[in-house]
Amino acid sequence: MTPMPSMSLLAAVLVGAVGCGGGSHPDTTPAGGAGEEPPQAQAQAGDGAVVPPDQIDEINRQLARKRSVMSRCLALAVDNKELPKNSQGKVTVEIVISPSGTADSVKVVRASLESKMLDDCIIEHIKEIAFPQLPRPFETSYTYGFEAM
């Protein structure tokens with residue numbers, strides 16, 4: 001049996017971005033803390049087309065890789081005085097990925113930081129991602145956490 005990681009280590013790992021696959025889900029993150037909702041193992045359409053778990057995992061990995069780019073979006077909003085220097089919060093985007101692997105639709109569905117510049121920058125960078133080809137359109141959401149220094 002492997003030893004369980006300490007809660008502080010677990011909490012440190014959970015800070016950052018949260019992804020979930022398979023459509024819109026209510027926010028289950030407790031107030032004042034970061035959490036992660038595991039992606040669904042499979043997303044199935046009415047016609048029986050299934051997005052395999054490995055493709056869902058790849059989508060979440062690609063969104064997570066953009067964290068450093070997204071932090072630059074926050075810096076841009078702070079530099080342009082849309083947000084104060086000590087800004088911190090979360091922005092959740094809803095994404096519809098086409099079978100060809102492009103983000104057909106990206107919109108901010110929840111944000112604790114109110115900045116059009118930040119939202120537009122996040123959307124622009126997500127639209128640049130080349131997602132895997134999929135058997136059907138796939139709707140997912142992803143939350144980026146921000147903290148300005």
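Reader: Is Gln-62 buried or exposed in this model?
Author: The model is a predicted one, and in it Gln-62 has its place in helix α2, which covers residues 53–65. Residues under 20% relative accessible area are taken as buried. Because the relative accessibility of Gln-62 is 13%, this residue counts as buried.

Reader: What share of the contacts in the chain with a separation of 6 or more comes from residues 24 or more positions apart?
Author: The chain has 149 residues, of which 40% count as buried. Among its contacts with a separation of 6 or more, the share that residues 24 or more positions apart account for is 68%.

Reader: In what order do the elements of the chain run from the N terminus on?
Author: The chain holds four helices and six strands. Read from the N terminus on, these elements follow the order α-β-β-β-α-α-β-β-α-β.

Reader: Are helices α3 and α4 roughly parallel or roughly antiparallel to each other?
Author: Helix α3, residues 67–79, packs against helix α4, residues 116–127, at an angle of about 155°, and their axes are 8 Å apart. Angles over 145 degrees count as roughly antiparallel. The two helices α3 and α4 are therefore roughly antiparallel.

Reader: How many residues of the contact of α3 with α4 are nonpolar, polar and charged?
Author: On the side of α3 the contact is made by Val-69, Met-70, Cys-73, Leu-74, Leu-76 and Ala-77, and on the side of α4 by Met-117, Leu-118, Cys-121, Ile-122, His-125 and Ile-126. Divided by kind, the residues of this contact come to eleven nonpolar, one polar and no charged.

Reader: How many bridges join strand β4 to strand β5?
Author: Among the paired residues, Glu-94 has Lys-107 in β5 as its bridge partner, and Val-96 stands opposite Ser-105 in β5. Strand β4, residues 88–97, and strand β5, residues 103–111, run antiparallel, and the number of bridges that join them is seven.

Reader: Which residue in the hairpin of β4 and β5 takes a positive phi near 95°?
Author: The hairpin has five residues between its strands, and the residue there with a positive phi near 95° is Gly-101.
The strands that this hairpin links run antiparallel, and the residue asked for is Gly-101.

Reader: How many bridges join β4 to β6?
Author: Ile-97 has Phe-138 in β6 as its bridge partner, and Lys-90 has Gly-145 in β6. The strands β4 and β6 run antiparallel, and the number of bridges that join them is ten.

Conventions: Residues are numbered from 1 along each chain as its sequence is written. This is a predicted model: local features need pLDDT of at least 70, side-chain atom pairs count only at pLDDT 80 or more; totals for chains, interfaces and linings use all residues. Side-chain values use heavy atoms; hydrogens and water are left out. Axes are lines fitted to C-alpha atoms, for helices over the stretch in contact, and angles run from 0 to 180 degrees between N-to-C directions. Angles under 35 degrees count as roughly parallel, over 145 as roughly antiparallel, 65 to 115 as roughly perpendicular and the rest as oblique. Contact means heavy atoms within 4.5 Å. Ala, Val, Leu, Ile, Met, Phe, Trp, Tyr, Cys and Pro count as nonpolar, Asp, Glu, Lys and Arg as charged, and the others, Gly among them, as polar. Two strands pair if DSSP finds at least two bridges between them. Buried means under 20% relative accessible area, exposed over 50%, partly exposed in between (1.4 Å probe, protein chains only).
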